[in-house]
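This report concerns the salt bridges of one protein model and the strands around them. Please keep the sequence and the structure in view while reading.

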Amino acid sequence: MTRKQKRLSVIVAGLGFLALAAGLTFYALGQKASYFYMPGDLATANVAPGQRIRLGGLVEKGTIVRGQGTTVSFAVTDTHDAVKVTYTGILPDLFREEQGVITEGSFGSDGVFVADSVLAKHDERYMPKEVADGLKAKGVWQETEVK
């Protein structure tokens with residue numbers, strides 16, 4: 001093999017390796033494309049118990065129940081469907097009923113979403129973009145104009 005052929009074979013092998021790495025990366029990311037779920041989306045989603053996801057929507061009115069210690073249960077809704085959530089930890093100061101929220105965690109074997117983190121809106125005009133987009137798509141939320 002000549003020097004030119006050796007150099008060409010190294011370049012081709014390197015490009016093949018990069019193409020394989022890129023393909024595997026896109027395949028792995030493609031499985032997580034629907035990383036954010038609204039309660040209504042879970043009926044059609046294929047989410048196994050124990051699979052880590054993000055769940056977002058509004059905290060349903062009248063569902064916040066404080067348990068022993070720092071355990072809290074509440075429901076996340078998109079005004080059509082609701083999912084019961086339990087969380088053990090300190091909630092954000094602005095967490096309250098009928099406010100936008102994103103929870104991260106997984107479903108337990110009993111069908112209750114066990115959250116390990118809760119994110120809430122940070123002022124009176126802001127709702128997490130993902131939650132707002134999901135609620136707008138369902139036609140249940142509209143942005144208010146700032147005066």
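The sections below cover the basis of the model, its salt bridges and the pairing of its strands.

## Basis of the report

The model is predicted: local features need pLDDT of at least 70, side-chain atom pairs count only at pLDDT 80 or more, and totals for chains, interfaces and linings use all residues. Residues are numbered from 1 along each chain as its sequence is written, and side-chain values use heavy atoms, with hydrogens and water left out.

## Salt bridges

A salt bridge is taken here as a side-chain nitrogen of Lys or Arg within 4 Å of a carboxyl oxygen of Asp or Glu. Under this rule, two salt bridges are counted.

Arginine 52 forms a salt bridge with glutamate 104, with 3.3 Å between the closest N and O atoms. The two residues are 52 residues apart: arginine 52 lies in the loop between β1 (36–37) and β2 (53–59), and glutamate 104 in strand β6 (residues 100–107). Strands are DSSP runs (E, at least two residues), numbered from the N terminus. The side chains of glutamate 104 and arginine 52 also make a polar contact at 3.3 Å; such a contact is a pair of N or O atoms within 3.5 Å, and within protein one must be able to donate a hydrogen and the other to accept it, while residues adjacent in sequence count only if both atoms are side-chain atoms.

A salt bridge also joins the side chains of arginine 52 and aspartate 116, at 2.6 Å from N to O. Aspartate 116 belongs to strand β7 (residues 113–120) and arginine 52 to the loop between β1 and β2, so this pair ties together parts that are 64 residues apart in sequence. Through shared partners, salt bridges join Arg52, Glu104 and Asp116 into one network.

## Exposure of the network

Relative accessible area is classed as buried (under 20%), exposed (over 50%) or partly exposed (in between), using a 1.4 Å probe and protein chains only. Glutamate 104 is buried because its relative accessibility is 17%. Arginine 52 is partly exposed at 37%, and aspartate 116 is partly exposed at 46%.

## Strand pairing

Two strands pair if DSSP finds at least two bridges between them. β6 and β7 pair in the antiparallel sense over seven bridges, and glycine 105 has alanine 115 in β7 as its bridge partner. The hairpin of these strands has five residues between them, and glycine 111 takes a positive phi near 90° there.

Strand β5 (residues 82–88) pairs with β7 in the parallel sense over three bridges. Alanine 115 in β7 is the bridge partner of tyrosine 87.

Definitions and conventions:
Helix = DSSP H or I, 4+ residues; strand = E, 2+ residues; numbered from the N terminus.
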